[in-house]
Amino acid sequence: MKPMEGIKVIELSTMLAGPMTARILAEWGADVIKVESMNGDAWREQYGTSLSPCTETANPNFDMQNMNKRFISLNLRSKEGLDAIIKLISGADVFLTNYRIHTLEKMGLTYEQLKLRFPKLIHASVLGYGSEGDEKYRPGYDYTAFCARTGLLGDLAPAGGPPIMTVAGLGDHSVAVALSAGIAAALYKRTVTGEGEKVDVSLLQAGTFILSTGLLNGFNGRKFPRDRYNCSHAGSNTYQGADGEWIYLAIVDYRRFAEFCDTVGLPEVAKDPRFSTQQAYYTPESKRELTKILDAKFAEQPVSYWHELLNAHDLPHEIVYHFKDVPYDPQVQANHYTYFHEYPDGTKTVFTNSPVHFASVNPAEIPCRTSGPIGCDTAGILKELGYTEEQIQSMYQAGEIR
């Protein structure tokens, strides 16, 4: 039995954070029904964001967040459409949404509006800026509420340059992991108390948590953005090889500094008074000067040489990889963190698996049910709810479903 087997999730969300949360729950065994508007989730049309192909059969950019779900399209501006989603929720364990509060209020779908009717329901929300404060109604996106507002874009950029360029989903997927955990905790509470729960995670909340140590740095006076010579210490820094590629050195334990110096051919550096004590090693001047010394040393050989040498001595480091390489990484493949998929029309893509492994879920055998067109499961789902064929056809004709 999978961890979420037997749990039914109704998802009313768009774009990335909410859909990815539901996708994670689906991989853990939940039955997820995604409710879309008559026009569908806007993310269906955003394939250019990742340069993904999009055909009548294949939409990998959308499927990355939406695999292993069933899809129903309802006109939530109509009485019949709202009645249908209420019927769905009445048989669900979890209602997951990223719709803004005032929109949910109009439809009668806030936690407060549903909790008396469905006291065992877990009401899970993705928010932009939180449920309190003057900005609680603001639209929030990954790039804005998570990346820009928290300091990530501005303070993690190299000094003197513009804000860093990130990729879609960094904050959204952080929210998805947190919200999935929150939903699991709420379901456990329900098994003990029999009561439902309200669970929410905002992009701003996830960003402030993910960047906890950055906030501590700023609080304690460290100036950002920084360059490589204003590092935490020279043993924890990036260095460029002769081939132009980079390596991250992570000699975070000063007790191994002398061993590292011997290994790379700089035994005299460990004895230099500027670096030979831990107190001296951490001064701003020593960090800067040692970084320059190591810059010159690492520039003598390609990154592959340093990787093999440091590996042979079990000295912590990592090659700075590129996105294009990660799907093919043997270690990534060995652990089934990514897998390759070919659609019926021949379109090929890479997908990631969810970020948790269970003994009961073989990561090599997780289903890959892709999305299909808007409303592809509408009729079947409505039949499960007790609608007759005549009622369903009437709803299609009236524009209440798609």
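**Exercise 1. Characterise the salt bridge that joins the side chains of Asp31 and Lys8.**

*Solution.* Step 1: The separation from N to O in the Asp31–Lys8 salt bridge is 3.9 Å, where a salt bridge is a side-chain nitrogen of Lys or Arg within 4 Å of a carboxyl oxygen of Asp or Glu.

Step 1: Asp31 belongs to strand β2 (residues 31-36) and Lys8 to strand β1 (residues 8-12), so the pair ties together parts that are 23 residues apart in sequence. Helices (H or I, at least four residues) and strands (E, at least two) are DSSP runs, numbered from the N terminus.

Step 2: Asp31 is partly exposed, at a relative accessible area of 28%, and Lys8 is also partly exposed, at 24%. Buried means under 20% relative accessible area, exposed over 50%, and partly exposed in between (1.4 Å probe, protein chains only).

The model is predicted: local features need pLDDT of at least 70, side-chain atom pairs count only at pLDDT 80 or more, and totals for chains, interfaces and linings use all residues. Residues are numbered from 1 along each chain as its sequence is written, and side-chain values use heavy atoms, with hydrogens and water left out.

**Exercise 2. Determine where the partners Arg228 and Asp295 lie in the chain, and whether they are buried or exposed.**

*Solution.* Step 1: The closest N and O atoms of this salt bridge are 2.6 Å apart.

Step 1: Arg228 is in the loop between α10 (212-219) and β7 (236-240), whereas Asp295 is in helix α14 (residues 284-298); the pair links distant parts of the chain, 67 residues apart.

Step 2: Arg228 and Asp295 are both buried.

**Exercise 3. Classify the residues that line the largest cavity.**

*Solution.* Step 1: The lining consists of Glu27, Trp28, Asn353, Ser354, Val356, His357, Phe358, Val361, Pro363 and Ile366.

Step 1: Six of the lining residues are nonpolar, three polar and one charged. Ala, Val, Leu, Ile, Met, Phe, Trp, Tyr, Cys and Pro count as nonpolar, Asp, Glu, Lys and Arg as charged, and the others, Gly among them, as polar.

Note on methods
On a 1 Å grid over the protein atoms alone, a cavity is a set of points where a 1.4 Å probe fits but cannot get out, and a pocket is an open set with protein on both sides within 12 Å along at least five of seven lines; lining residues have an atom within 4 Å of a point.
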